[in-house]
Amino acid sequence: MKMQLISDLHIHSRFSRGTSQDLNITNLEKWAKIKGLGLLGTGDFCHPEWLRELKRELNEDGSGILRTKNDFPFVLSNEVSLMYNQGNKQRRVHLVLLAPSFEIVEKITNYLKTKGRIDYDGRPIFSIPCRDFAEAMFNISDDIEIIPAHAWTPWFGIFGSVTGFDSIEEAFLDKANLIHAFETGMSSDPAMNWRLSRLDKYTIVSFSDSHCYWPWRLGREATVFELQKLTYKNIIESIRNNKIAFTIETPPGYGKYHYDGHRFCNFSCSPSETKKYNGVCPVCRKPLTIGVLHRVEELADRREGFRPSHARPFKSLLPLHELIAAVLQTSVTAKKVWQEYKNLIDAFGNEFCVLLDAPVEQIKKVTSPQIAHAIKLNRDGKIKVKPGYDGKYGELVLEIEKQEKLC
């Protein structure tokens, strides 16, 4: 009998820039369980201090899955940043690596040491072209998986408007056959990617790229596997053969780069409005940062709403903290938000159970009708979001008076 496993394989340790200094295996395991995740990536396996910690905290059993003393499973993972010139343009591409063992990780880090430093940041930077990087990884082991991260973000996505490419083939050249999947990122979802026929051959995955362990970040995007047995080989085969069960996505507007705009000018607009402005910010008169929706429309060769026959399903969800905070009109870290969150977790076990499965009538017995209704709207994909842009998250729009009438 197959089991479903919710995974987040793209996260960071405290050794990456801009991360929580309390990021450790103990906290990751604790909050993964509260979130409802059944598998985590380690993040940052190239960093020597984090690697020592991983070897101390996690045990290998030959399956490619590492486990804590409490038997919680991890997969070795690391994000790298490649910055180089190709086609008379500077390229900046972030890639997620998955590896089956500490032995393979050692070979990867030994290679990367010949190209630069690995000790200054958990997400190290190298001037290696995507094509050459893929060749080097598969020369080490064909069990290594390379996944372009947050594929559409302007500055560091493989399709980004500022430094990206128009296709995976353009980036990886004759080694494009070594790439089997890409990560949607928060500002796009599978439906947007289905509009590009050139992406049909690739599996669409989603992970959080979390820089902390708090549940409004960890697992905010995830990939659900359906497996007979949890092994690294089975995870990789699911990715390479497009056999995932489904992905969990935030609504694209929630992401930091969905619309075009300028954060410091407090200006954003849709792609059609950008054309009216000739791509220039009306406030500062400088070029707008072109967002993900605009970039998808530039490259799309299919109508909006097209669904390939082989497409895997997805669920669009916002984190529970965000819903509670929006209803209570306060911040996600507020004490009263935490209290409502704790009540729901105590009643139903974990966040994904609340968001996906718990009967709404039962939820109403634990929390307010307004929060219960927001959870239902979220589950039905009907939460409205004012789109994010130029590094600014989107904002939830909850019409609380209408919710009260509906409840």
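1. Let me start with W214, which counts as partly exposed because its relative accessibility is 29%. Here buried means under 20% relative accessible area, exposed means over 50%, and partly exposed is in between (1.4 Å probe, protein chains only). W216 counts as buried, at 8% relative accessibility. A word on the source: this is a predicted model, in which local features need pLDDT of at least 70 and side-chain atom pairs count only at pLDDT 80 or more, while totals for chains, interfaces and linings use all residues. Residues are numbered from 1 along each chain as its sequence is written, and side-chain values use heavy atoms, with hydrogens and water left out.

2. On to the aromatic rings. Rings of Phe, Tyr and Trp (its six-membered ring) pair if their centres lie within 6.5 Å; planes under 30 degrees apart count as stacked, over 60 as edge-to-face and the rest as tilted. The count by this rule is 15 aromatic pairs. One of them joins W214 and W216, a stacked pair with 5.8 Å centre to centre and 10° between the planes. Ring pairs also link W31, Y213, W214, W216, W338 and Y341 into a cluster.

3. F267 and Y277 make an edge-to-face pair, at 5.5 Å centre to centre with 85° between the planes. This pair links distant parts of the chain: F267 belongs to strand β14 (residues 267-269), whereas Y277 is in the loop between α8 (271-276) and α9 (292-299), 10 residues apart. Helices (H or I, at least four residues) and strands (E, at least two) are DSSP runs, numbered from the N terminus. F267 counts as buried at 13% relative accessibility, and Y277 is partly exposed at 37% relative accessible area.

4. Two lysines are worth a look on your screen. A charge sits over a ring if NZ of Lys or CZ of Arg is within 6 Å of the ring centre and within 35 degrees of the ring normal. The charged end of K55 is placed over the ring of F102, 5.8 Å from its centre. K315 lies over the face of F246, 5.0 Å from the ring centre.

5. Among the buried residues of α3 are F102, I104, V105 and I108.

6. Where is H150 found? It is in the loop between β8 (145-148) and α5 (168-172). H150 is buried, with a relative accessible area of 10%, and its phi is near 30°, a positive value in a residue other than glycine. R285 has a positive phi too, near 65°, and is likewise a residue other than glycine. R285 lies in the loop between α8 and α9 and counts as exposed at 60% relative accessibility.

7. Finally, M137 is found in helix α4 (residues 130-140). M137 counts as buried because its relative accessibility is 0%. M137 and C269 are 132 residues apart in sequence and 40 Å apart in space, C-alpha to C-alpha.
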